[in-house]
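Hi,

Here's the structure I promised to pass on. Have a look at it, and then read on for what turned up.

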Amino acid sequence: MSSKGISTCVFDETLGKFRVAKSKGKSIGCGGYGVPHTTINVDEKGSSSVVTHDYLFVEEALFLHERGLLQVYNGLDDCNKNITNKEQEQQDEEVQDDHNKNYSTCPTGNIMTTRDIYHLMLHELNMSLAVYLTYSHLRSQTFIVLRHTSQRIDILRRLGQYMQSGNGHDEKTIKRKRRRFDSQEGDCKDDDTHKEGGQHNGLLNVKDEATIDSSTNQGKISLTMLKKELRDDSFMAPSPQLVTCQNSCPSDNKLQRPNEYSTIQPDVNDFIAFHVYNPNSNFKKTMPGMPDFLVSIVPFSETTDFFVLQSIVEYCGPIPLKIAVVSESGTVSMFGISDLGVPSISSSFS
């Protein structure tokens, strides 16, 4: 398989993520994949430079790779050198046919096969197969799936409140206010032509313009800070965990009912795996909004405590919760859970 025409990424062992080296088409940019991250590079002369790249989590890289949309490398050499399509195809065939290869570690600079990425995910990045199967199940239905963090819901809440308050100004809003001001200023100038001497005091317009610039600049700075906080939090998202008997032992002091959108307790926080958004071609990672539902993952062979499920539902508040049950054969079943309770039969007939 030739890498020409498809996106490529390189596994960064230090960060445990895949750096996007070349993005082709809209599969990564418009699909809600990856998160930008800024690093400081220092060359041999000691001069530093700030570089921003998009990074993919292992489940994102594997999902795109399995669908032929991403070529994955384990080092920098092969990704940056220029080779012909024929040489690339021969190299890919050699890697695919080498079944006697030791997959414990992948050679630096080599193309990673699907088997390599699975081994990396399971044994080095410690992500459960059930977690990836759930991610793949949702992504294959064009849902947008993002990792959960302990602070993400709170950041999204503050971002939403800031935009609703009218303080947040995106580029379109700033341009719209600028056009409105220019239009009003033009009307004032037209009216002044009918006055004696045609003189016009422009101090009011200058003051209004300064007010607009000040408010929009302050709003833009605050909005940029919130977006950066969301970006940094998304980049540090931990690997999702399963809801199992071993990590879901209830305790009265840890599994308490939290306030809506409050910071979640550590034990309950581990039980939420993903934030899921309905298919949306206009989805923006910087302004995603509240998720359409949250997902927790439970192995089919495990028994989950009812108290734990109740605690997760109570934490989610108005956001729906879905439980993904993964069988040993890899089948993923989704169940919606709520705390509405059982309706009273007597009241329904009254």
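To follow the first item you need to know what a patch is: patches are built from residues with over 30% relative accessible area and no salt bridge, and nonpolar side chains are joined within 5 Å. Keep in mind that this is a predicted model.

With that in hand, the surface has a nonpolar patch made of Ile40, Val42 and Val50, which together have about 320 Å² of accessible area. Val50 sits in strand E4, residues 48-56. Its relative accessibility is 61%, so valine 50 counts as exposed.

Now for the charged residues. In general, side chains of opposite charge can pair when their charged atoms come close. How many salt bridges does a search of the whole structure find? The count is 6.

One of them joins glutamate 229 to arginine 158, at 2.7 Å from N to O. This pair ties together distant parts of the chain: glutamate 229 belongs to helix H8 (residues 203-235) and arginine 158 to helix H6 (residues 152-164), 71 residues apart. Glutamate 229 is partly exposed at 32% relative accessibility, and arginine 158 is partly exposed too, at 27%. Both also belong to a network of salt bridges that links Asp154, Arg157, Arg158 and Glu229.

Helix H8 also holds lysine 228 and aspartate 232, which are 4 residues apart, about one turn of the helix. Their side chains meet in a salt bridge of 2.8 Å, N to O. Lysine 228 has a relative accessible area of 44%, so it is partly exposed; aspartate 232, at 31%, is partly exposed as well.

Then there's the bridge between glutamate 66 and arginine 67, with 3.8 Å from N to O. Glutamate 66 is partly exposed at 33%, and arginine 67 is partly exposed at 38%.

Glutamate 60 is buried yet has no salt bridge. Which side chain of opposite charge is nearest to glutamate 60? That would be arginine 139, 4.9 Å away. Glutamate 60 does have a polar atom of its side chain 2.9 Å from the backbone nitrogen of phenylalanine 57. Leaving aside neighbours within four places in sequence, glutamate 60 is in contact with Gly32, Tyr33, Gly34, Tyr55 and Tyr135.

Cheers

Technical notes:
Residues numbered from 1 in each chain as written. Predicted model: local features only at pLDDT ≥ 70, side-chain atom pairs only at ≥ 80, totals over all residues. Heavy atoms only, no water. Buried < 20%, exposed > 50% of the residue type's maximum accessible area, 1.4 Å probe, protein only. Lys, Arg positive; Asp, Glu negative; His and termini not counted. Salt bridge = Lys/Arg side-chain N within 4 Å of Asp/Glu carboxyl O. Polar contact = N/O pair within 3.5 Å; in protein donor to acceptor, adjacent residues only side chain to side chain. Contact = heavy atoms within 4.5 Å. Patch = residues over 30% accessible without salt bridge, like charges linked within 9 Å, V, L, I, M, F, W, Y side chains within 5 Å. Areas by Shrake-Rupley, 256 points an atom, 1.4 Å probe, with all protein chains shown as cover. Helix = DSSP H or I, 4+ residues; strand = E, 2+ residues; numbered from the N terminus.
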